[in-house]
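Walk me through this model, please. Start with a salt bridge, then move on to the sheet and the helix packing.

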Amino acid sequence: MPSSFQEMWAELLPVGRHAGSGGYRRFAWTSADAECRDWFREQAAARGLDVETDRNGNQWAWLGDPSAGDAVVTGSHLDSVPDGGAFDGPLGVVSAFAALDELAARGVRPSRPVAVVNFGDEEGARFGLACAGSRLTAGQLTPERAAALRDADGVTLTQAMERAGHDPEAIGPDDERLARVGVFVELHVEQGRHLAGTGSPVGVASAIWPHGRWRFDFRGEANHAGTTRMQDRHDPMPVYAATMLAARERAAAAGARATFGKLLVEPNGVNAVPSLVRAWLDARAADEETLALLLGTIEDAAREHAAREGVEVGLERESFTPVVDFAPALRDELVRLLAARRPYEVPVLPTGAGHDAGILAAKVPTAMLFVRNPTGVSHSPAEHAREDDCVAGVEALADVLEGLACR
């Protein structure tokens, strides 16, 4: 018999969990990722679903004939950010299997094919590019660029795939597979506190803010920390620090988000003035004009401080996702299906977080459900959703699947 939501959750919970931090290190094409993939196959097999791994390493578990087309697809991802929480991604996959169980318990059977999907490398924690699996499938990441991605140890994405038993020669756009998909609905824990301030455990997404990642290279001159006078230094570290503070201040003033969350320093010695500080900026805003203006002001601040210190600044955009407005007709249908069976209002809300649903939106109609997060904390071991809210999310997803696929 298939596991219940609670049993599935308990089975998945230890996989990739770090004993020291309590967070998760489920990075793409590692042993923890392989364990997650095995768990996915086991859950699919317990339900009699046919499992496929596509050319880009994404897993699909099918109820019905996938070649029939017009499929209703749900799911999310199982990988994590470094020391991330348990809910971001896995909640959507576990809830998808549990929603199929709920449909079976109701005695309804889909008239359209239904699939549960686990998209690979959504977080980009290992190779630096978010949503790699869905981007490759949708043609937003070329095989050539994917092949050039490297982790911190210099291992390329294609090498990692090959070591994990996947053929990297096959990666690339998968229009034939996407042509099978009629709609994609992703359930996700809310990464914010909108629902926490309401009586609603579940909401519907309206849009994803435009967002991207930029790499700043601050190049100075290595020197001795004890003998080099302060006025003689070309130190990139204070330039980075000033840029980081400027980013924080200007994002706050614009109602946007700007985060320097990753940093590499060369030569990285306690008694050495750095020669290079490489820093990655994650920036997001409600619209693309605001985001462009924000990035411009951050770059201006970097160059102004660099000129004072005799430091060079290089700036490269590594990824960008434009604003995603989810398909209005599908969004409204989700609200209608949920409101018909609930005593509470179903809020419609935007999000600043990126998702596979946002990538696929350029190819197929997509929508998202959010489950209430009482603190709003995400990408942290403290990420949490109450069990009764998770169950409410499963029921909501089952209602959506019944409304879209069973009539």
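R41 and D38 are three residues apart in helix 2 (residues 31–46), so about one helical turn separates them. Helices here are DSSP runs of H or I with at least four residues, strands are runs of E with at least two, and both are numbered from the N terminus. R41 forms a salt bridge with D38. Their closest N and O atoms are 2.3 Å apart. A salt bridge needs a side-chain nitrogen of Lys or Arg within 4 Å of a carboxyl oxygen of Asp or Glu. The whole structure has 28 of them.

The model is predicted: local features need pLDDT of at least 70, side-chain atom pairs count only at pLDDT 80 or more, and totals for chains, interfaces and linings use all residues. Residues are numbered from 1 along each chain as its sequence is written, and side-chain values use heavy atoms, with hydrogens and water left out.

Four strands form an open sheet in the order 9-11-7-12, with antiparallel pairing. Two strands count as paired if DSSP finds at least two bridges between them. Strand 9 (257–266) and strand 12 (312–321) stand at the edges. Each has a single partner strand, so one side of each is left without a neighbour in the sheet. The twist averages 15° from one strand to the next. Axes are lines fitted to C-alpha atoms, for helices over the stretch in contact, and angles run from 0 to 180 degrees between N-to-C directions.

Strand 7 (residues 211–219) pairs with strand 12 over nine bridges, in the antiparallel sense. G212 has F320 of strand 12 as its bridge partner. Helix 8 (residues 236–254) lies across strand 7, strand 9 and strand 11 (276–284). Helix 8 runs at about 170° to strand 9. Contact means heavy atoms within 4.5 Å.

Now the helix pair. Helix 3 (residues 90–106) packs against helix 12 (residues 387–405) at an angle of about 60°, with axes 8 Å apart. The two are therefore oblique to each other. Under 35 degrees counts as roughly parallel, over 145 as roughly antiparallel, 65 to 115 as roughly perpendicular, and the rest as oblique. Residues in the contact include L91, L100 and R106 of helix 3 and C390, L397 and E402 of helix 12.

Finally, V335 lies in helix 10 (residues 328–339). V335 touches V204 and V348, not counting residues up to four places away in sequence. The C-alpha atoms of V335 and V346 are separated by 6.5 Å, at 11 residues apart along the chain.
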